[in-house]
Amino acid sequence: TATPPPHRVGETWFQWWGMAGNAHGRTEELIDKMIEDARAMGPNVIVANMAFHWFQLCGYSKNMCPDSKDAPIVLRWLNYRETWLQRVYDLALESGATLLLFKTANFICGEARTGDWLEGDRLYSSFDGETIAKCASMIEPIRESVGLTDEDIKRYCRYAQFTDVGSRYVNRLMYDFVEEVRSEAFDSGLVVGVFNDYSIESCDTTEDAIHHKIGMVSRIRLLTNTIDSYINCTISPRS
């Protein structure tokens, strides 16, 4: 984890909280700390980004398939709406924030990968039956400890893998959640939206298939424009 000190520009303070990798066995502890610190700061604008930390690539990358100590990660992904989206939304309401943006998961360029990552991406993205079955067999040992059903395991092995299929799946959950809560939120003085930098990412903006540093300037510009437009917008609550 890394929590740099707050940075001040004029009358505006900036604070970043985050974690590296998938934080094996410590994800819940670290998220609890981030939420606690954010609540204490009382932010006006919240930009939330949590997706890749819970992705896997079972069978094709070392340490990228949950074992017993990581079993809660499976439940967090299966219940992404409650464990992340709803939790951050509740934080924004409690903190009196005026804007909450959920950042989309990055575009994943499968063709930029190499070795086992390339092969795993190809097979999972095509929903290869043998690959999905192998993933299910790897998840089976933790089924009972976290109460997984056959449908849970199937969904996890199809959509929780570290591919662009996984990114698009999570992004759809974000958009659906925002659509569900935006009118209720607006009535409480909170604007909720999506920061969609996925839309300007491509294989040309990444060198490692998942991070898009080449397009960083454009992404930052999009973020500032998104914040400005949402802060100044008027949302008409649905009847």
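Biologist: How many disulfides does the structure hold?

Modeller: The structure holds three disulfides. Remember that this is a predicted model.

Biologist: What pattern do the disulfides of the chain follow?

Modeller: With bonded cysteines counted along the chain, the pattern is 1-2, 3-6, 4-5.

Biologist: Take Cys 58. Which residue does a disulfide join it to?

Modeller: Cys 58 is joined to Cys 65, with an S to S distance of 2.1 Å. The link of Cys 58 and Cys 65 has 85 degrees about the S-S bond and is right-handed.

Biologist: And is Cys 65 buried or exposed?

Modeller: Cys 65 has a relative accessible area of 17%, and buried means under 20%, so Cys 65 is buried. Cys 58 is buried too, with a relative accessible area of 1%.

Biologist: Next, Cys 109. What does a disulfide join it to?

Modeller: Cys 109 is joined to Cys 203, and the S to S distance is 2.0 Å. The pair links distant parts of the chain, 94 residues apart. Cys 109 sits in the loop between strand E4 (99-103) and H4, while Cys 203 sits in the loop between E5 and H9.

Biologist: Is that disulfide right-handed or left-handed, and why?

Modeller: The torsion about the S-S bond of Cys 109 and Cys 203 is about 100 degrees, so the disulfide is right-handed.

Biologist: What about Cys 135 and Cys 157, how far apart are their sulfur atoms?

Modeller: The sulfur atoms of Cys 135 and Cys 157 are 2.1 Å apart, and the two form a disulfide. This pair also links distant parts of the chain: Cys 135 is in helix H5 and Cys 157 in helix H7 (residues 150-159), 22 residues apart.

Biologist: Is the link of Cys 135 and Cys 157 right-handed or left-handed?

Modeller: The link of Cys 135 and Cys 157 is left-handed, with -85 degrees about the S-S bond. Cys 135 is buried, with a relative accessible area of 0%, and Cys 157 is buried, also with 0%.

Biologist: Where is Phe 127 found?

Modeller: Phe 127 is in the loop between helix H4 (115-125) and helix H5 (129-139). Phe 127 is partly exposed, with a relative accessible area of 28%.

Biologist: And what is the phi of Ala 209?

Modeller: Ala 209 has a positive phi of about 85 degrees, although it is not a glycine. Ala 209 is placed in the loop between strand E5 (191-195) and helix H9 (216-231).

Biologist: Is Ala 209 buried or exposed?

Modeller: Ala 209 is buried, with a relative accessible area of 0%.

Biologist: Last topic, the surface. Which residues form a nonpolar patch there?

Modeller: Val 45, Val 47 and Ile 231 form the nonpolar patch, with about 210 Å² of accessible area together.

Biologist: Where does Val 47 lie?

Modeller: Val 47 lies in strand E3 (residues 45-48).

How values were computed
Residues are numbered from 1 along each chain as its sequence is written. This is a predicted model: local features need pLDDT of at least 70, side-chain atom pairs count only at pLDDT 80 or more; totals for chains, interfaces and linings use all residues. Side-chain values use heavy atoms; hydrogens and water are left out. Patches are made of residues with over 30% relative accessible area and no salt bridge: like charges are joined within 9 Å, nonpolar side chains (Val, Leu, Ile, Met, Phe, Trp, Tyr) within 5 Å. Accessible areas come from the Shrake-Rupley method with a 1.4 Å probe; for residues, only the protein chains shown count as cover. A salt bridge is a side-chain nitrogen of Lys or Arg within 4 Å of a carboxyl oxygen of Asp or Glu. Helices (H or I, at least four residues) and strands (E, at least two) are DSSP runs, numbered from the N terminus. Buried means under 20% relative accessible area, exposed over 50%, partly exposed in between (1.4 Å probe, protein chains only). A disulfide is a pair of cysteine sulfur atoms within 2.5 Å.
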